[in-house]
Amino acid sequence: MILNTFFSLQKRSLSAITCLLLASQIGHAQAPSSWHTKMPASIYGFTQPAPMDFNDHEGYVSLFNGKDLTGWDGNPKFWRVEDGAIIGESTPANPSGNSYIAYKGMEAKDFTLKFEIKVDGDGGSGLQYRSKTGVPWLSKIPANLQPVNLNWMMTGPQADFWPSAPYWTGQFYSENTPMRILAWRGQVVEGYGTKSKRLMGNIGDIMDLAQYVKKNDWNEYTVIARGGVFIHILNGQLMAVMVDDDPTSSNNQSGYIGIEIESITKVSVRNIWIRKLD
């Protein structure tokens, strides 16, 4: 009788645990943006890290004064300042193709960068970092967009931002190099320059993570670069991690911060702050 009761309790406990696990999996699959681990402030005396305050700028310097493009260099046909933001706009009458604006007042290698970004319409953007200007362009440039001033083109790592597209936002992209997409949204990737890339783990499903991306609205983007490690965080959610172990890789060189506009769209970027470590 005691044994039967014991086994009956065991079966009921296992059933309850199974139901809880299934419920958590279903909830996570349907609404990852509202699913968060609830942690107590202290566990056996071990405390939690303080959450990041996106508006805390202690130790940071601003790369944009909110008034004009002082320190920035880009094609004035596409770039301007409006309502406290850097605006890049490409229209059917004035198409930009790939166009960039670079902050020439600083080069940085190791840093934490915080900025807000918004894209209106169906085009895309991205934040360039550790990037160079003046590098010959690998992709074919349409005849109607030529001639191109290479001083307004950027080569190097990019934190992608395409809210209208299903896949690109959050990924690690190597602009104007043979490496191109190295870590998709939801991936932790280890590589060695142009020679290799290997998926080491998953952050989450690429489409579940897309629910953190705000269309036609402001997004808080954080980029962390330390040595050969690159971390992209959007609206508080980790999106991609790339590790490049090749010290000679173009990803691992000091360079400029910049903004891209691509396709027919309007890009707005504001509150650009950097904590430079190198």
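Modeller: A nonpolar core here is a set of buried Ala, Val, Leu, Ile, Met, Phe, Trp, Tyr and Cys residues joined through side-chain atoms within 4.5 Å, where buried means under 20% relative accessible area with a 1.4 Å probe, protein chains only. This is a predicted model, in which local features need pLDDT of at least 70, side-chain atom pairs count only at pLDDT 80 or more, and totals for chains, interfaces and linings use all residues. Residues are numbered from 1 along each chain as its sequence is written, and side-chain values use heavy atoms, leaving out hydrogens and water.

Biologist: Which residues have the most contacts inside the largest nonpolar core?

Modeller: L113, I259 and I272 do, in a core of 42 residues.

Biologist: What does I272 touch?

Modeller: Leaving aside residues up to four places away in sequence, I272 has contacts (heavy atoms within 4.5 Å) with V61, S62, L63, F64, W72, I86, L113, K114, F115 and I259.

Biologist: Turning to strand β6, why is it largely enclosed?

Modeller: Five of the six residues of β6 (residues 85–90) are buried, so the rest of the structure largely encloses this strand.

Biologist: And how does β6 pair with β5?

Modeller: The two strands pair (at least two DSSP bridges) in the antiparallel sense over four bridges, with W79 opposite G88. They form a hairpin with two residues between them, and D83 in the turn has a positive phi of about 55 degrees.

Conventions. Buried < 20%, exposed > 50% of the residue type's maximum accessible area, 1.4 Å probe, protein only.
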